[in-house]
Amino acid sequence: MGYKYLTGKRSDSKRYVFVPRPGTMLVAVVLLLLVVGLAMRAALMPVDEKNAAQIQVVVPQNASTARIAAILEEQGLIRNARAFCLYARVQGSDGAMKPGAYNLSTAMPVAGIIEVLVKGPPDRIKVTVPEGYTVAQIADLLEEQGIAREEDFLQALAGQWNLDFLSEVPVSQWGLNGYLYPDTYYLGSQTSVDEIVELMLKRFGQVIAEHDYVRQAQARGLTLHEAVTIASMVEREARVASERPRIAGVIYNRMNLGMPLQIDATVQYALGETKEKLLYKDLQVDSPYNTYKINGLPPGPIANPGWPSLLAAVQPEEHNYLYYVARPDGSHAFASTLAAHNDNIRKYQ
């Protein structure tokens, strides 16, 4: 280090400034790079190598590197999102990481995580479709898990599907809602949306074939479409599994008497949203699915029922109930007369 004169003729007017020597500057740069390098190295190390925890992460479709880094940081899998992005850029992995579901560990360094994400998700992706989901909910689920885009799945449903059991189903008019069997599926990373739809339809076909379901429906004077429509209403109404056949019995009793079914779940479907409590104006919605305004069954299923609801639709409980109201615990109070039903409403709602 040293000081140099810049200007001035007299010694008392001289000004001094600090001008580092070349060697000094080099040392400072080296020290700075060393500090930055150590900080970067620390940022890229595993979060917790000793107490490794497995965490499932879903990388959404079209997620940027910054978005992926934010997800990993939120999940506690990396120390610093900015360091992750910088490393990915330097390694040439920016934009190369693939969507999907991954099982990552807190013991993995950033380099290892990026390597896995660039390689892509494992070939077997487990996805469980809950009973009673609509096609819209299934589409949301697949997108949330990074398996397929919502619009791609919905578009695939509009395709031509040549399965025997669909020959009598008005698919072109009312769609495939009701026939995408809720189950746990193992999908490959390259499974297309068409293959997913086909898988779910074939599973439905397999279940009804195993139980000779079409014949059971015909024995009750129903087509397959009518039976699945009843099953879908049972699925959406029942909160207690044992009540499924009883609710199906109420539906049959009301149809036999020519009474409107007045099932709230059909109004929810017509509204396109699930409301905590339906208002009077909701019951007036103009829709062929609104069973407060139409007589008989709606034109098609309002959800995709599982086997217990499908079974209840063709093997309903025999009783004389015509009404039911939900209790706070999710079960229902059933009644045979309107007076008894109104008593239940005052008691439970």
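**Notes on aromatic pairs and a buried glutamate**

1. Let's start with a tyrosine: Tyr321 has a relative accessible area of 25%, so this residue is partly exposed. On this scale buried means under 20% relative accessible area, exposed means over 50%, and partly exposed is in between (1.4 Å probe, protein chains only).

2. Before going on, a word on the source: this is a predicted model, in which local features need pLDDT of at least 70 and side-chain atom pairs count only at pLDDT 80 or more, while totals for chains, interfaces and linings use all residues. Residues are numbered from 1 along each chain as its sequence is written, and side-chain values use heavy atoms, with hydrogens and water left out.

3. Phe334 is buried, at a relative accessible area of 14%. Tyr321 and Phe334 make a tilted aromatic pair, 5.5 Å from centre to centre with 35° between the planes. Tyr321 sits in the loop between H14 and strand E7 (323-326) and Phe334 in strand E8 (residues 332-335), so the pair ties together parts 13 residues apart in sequence. For reference, rings of Phe, Tyr and Trp (its six-membered ring) pair if their centres lie within 6.5 Å; planes under 30 degrees apart count as stacked, over 60 as edge-to-face, and the rest as tilted. Helices (H or I, at least four residues) and strands (E, at least two) are DSSP runs, numbered from the N terminus.

4. In total, the structure holds 8 aromatic pairs. One of them is edge-to-face, because the rings of Trp174 and Tyr289 have centres 5.8 Å apart and planes at 85°. This pair links distant parts of the chain, 115 residues apart: Trp174 is in helix H7 (residues 171-174), and Tyr289 is in the loop between helix H13 (280-283) and helix H14 (307-314). Trp174 is partly exposed at 28% relative accessibility, whereas Tyr289 is buried at 8%.

5. There is also an aromatic cluster to look at, formed by Phe165, Tyr179 and Phe204.

6. Now for Glu237, which is placed in helix H10 (residues 224-237). What is the nearest side chain of opposite charge to Glu237? That is Arg239, 6.6 Å away, and the buried Glu237 has no salt bridge (a side-chain nitrogen of Lys or Arg within 4 Å of a carboxyl oxygen of Asp or Glu). The Glu237 side chain does reach the backbone nitrogen of Ala265, at 3.2 Å. Beyond its neighbours within four places in sequence, Glu237 is in contact (heavy atoms within 4.5 Å) with residues including Ile247, Ile263, Tyr324 and His332.

Conventions. Lys, Arg positive; Asp, Glu negative; His and termini not counted. Polar contact = N/O pair within 3.5 Å; in protein donor to acceptor, adjacent residues only side chain to side chain.
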